[in-house]
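Please read the points below alongside the sequence and the model. They are meant for someone meeting this structure for the first time.

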Amino acid sequence: SSVVSLAANALLGLSSHDLEDAHQRALELTRSDEPVIIRVGIGVLGKLEYPDDGDLLGSSLERLSDLKDRGDPEIDYVLAQAYGNLVEETDEAADALVELSSRRDPHTQQHITRALYSIDDALQEPWVHTLLVRLAGARVEDATTLDNLDLHLSQLVSDSPDVVTKVLEEFASSSTSGNLTEVFDSSVSQLQEAHPEKLEAAITEWFASSDPELHGAAAELADHHFHATAAEEQPVFALSEDILEGLAPEEVMNVLRRVVGYVSGGRSLASLVSSALRRDPCPDELRQFVADLLVGHVLYNYPKEAREYLDRRLDADNVRPVEEEIVQKACDEINAYFDELGELSTLKELSPPSTHLSQIRRARQQQQSKAMEKAREGSVFMSLVESVPLKYGNQFYRIGDEGPTDPAPLGKISSGFEIPRGALIDPVGQAYKRLHFRAAHNFNEENETDGSS
């Protein structure tokens, strides 16, 4: 309010003439029973120009620490502001901000992220890295705080990518919203462009963990569509060879089970599953397991997208002999399956009558026409451009002051996606299969359980 602002400004004005008196009055305000008055005192203590002897600063920090220990959301966010102003005066203020970052009050979280903007070279400080990690693990839900956090992470991508992935991991593990790539769109996109190997390591480590929240977040990263002009330009992730080589073969198989259980899309699945063949060494049981997944799930459900990716992979210069052998074997096996499937005759008993098919086509055309009409009515873009219906032909021209222009062919704009075959043939069975894969237990945990039984 204006009265509160007047009181704070009065004390700050007094400090230019009598710092000790203004400091004492601010301390007295923090001993009030009214939160609004306490906040005025805290704000003044954070903005005073302290002398080098440290006595006044020390007493302020002692009082602020007492208030911080209360854990009162009505004053915590003002404490965050005050400590942010004092960070360059003393390391104790930085430690206090780190402590406050673990609290789940939305106002406190927002003011902490705002305070970082006013600190010179704040993002280079190790304590800020710790603060961001702890803040991400405190279930941040405020939109402004998340925007600030994404901006801070974007500025850390080039020099501290490990900090960025750690913050993403903490957020994914503590959040239940499941929108990691939406919240951190800027930082994740920049990380993919500058350090894709860090994202691949994170995806692999998260799938190798026993935390289902991290499994879902890893799939979200793998399925994320980054800004690109065409589908084939979208990046696809592979599992990290370094991480896989540190896992036992049974653990790698559990990682692959979770990949198949959570990830959708032929290109993503084909890349992630086949990349396990680059593990050195790649034992026979792992090779067979990858081959079974490629044939029984990846190529079976996505015969177009997955096969296109694997064909390009076979032609790549860096394909390894083991990978080439198993992938080619899987492609040959699925080709034989579809060839045999194509030779089967159609059962007339299962074919709908032609009249029904005609009615379905007409109904779909009417539905699409209505949808397009509604889209035009609600589109701002369509209201700004002229619409010219074409009655026939495959070219168009315009008539201007100088006569008609040369005919130009019509262009085609289209988009699509491949629906998993299993979702059409056996949706219940496929859903059960994915749930079974998602429930893959951590190998170490199984050993510990078996050993204690």
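Predicted model: local features only at pLDDT ≥ 70, side-chain atom pairs only at ≥ 80, totals over all residues.

1. A residue is called exposed when its relative accessible area is over 50%, and buried when that area is under 20%.

2. Helix α4 runs over residues 55-70, and its 16 residues reach 24 Å from the first C-alpha to the last, which is close to the 22 Å expected at 1.5 Å a residue. Just after the helix, Gly71 takes a positive phi of about 65 degrees.

3. The buried residues of α4 are Leu56, Leu57, Ser60, Leu61, Arg63, Leu64, Leu67 and Lys68. They lie on the same side of α4 because they cover an arc of only 165 degrees around the axis. An α-helix has 3.6 residues a turn, so residues three or four places apart point the same way. The cover over the buried residues of α4 includes α2 (19-29), α3 (35-47), α5 (73-86) and α6 (91-100).

4. Helix α20, residues 321-343, has 23 residues and reaches 33 Å from its first C-alpha to its last, close to the 33 Å expected at 1.5 Å a residue. Its buried residues are Val322, Glu323, Ile326, Val327, Ala330, Cys331 and Ile334, and among the elements that cover them are α17 (266-275), α18 (284-301) and α19 (305-314).

5. On the surface, Val380, Phe381, Met382, Leu384 and Val385 form a nonpolar patch, with about 510 Å² of accessible area together. Val380 lies in helix α22, residues 380-384, and counts as exposed because its relative accessibility is 61%.

Notes:
Residues numbered from 1 in each chain as written. Heavy atoms only, no water. Helix = DSSP H or I, 4+ residues; strand = E, 2+ residues; numbered from the N terminus. Expected span 1.5 Å × (residues − 1). Buried < 20%, exposed > 50% of the residue type's maximum accessible area, 1.4 Å probe, protein only. Arc of directions from axis to C-beta. Contact = heavy atoms within 4.5 Å. Patch = residues over 30% accessible without salt bridge, like charges linked within 9 Å, V, L, I, M, F, W, Y side chains within 5 Å. Areas by Shrake-Rupley, 256 points an atom, 1.4 Å probe, with all protein chains shown as cover. Salt bridge = Lys/Arg side-chain N within 4 Å of Asp/Glu carboxyl O.
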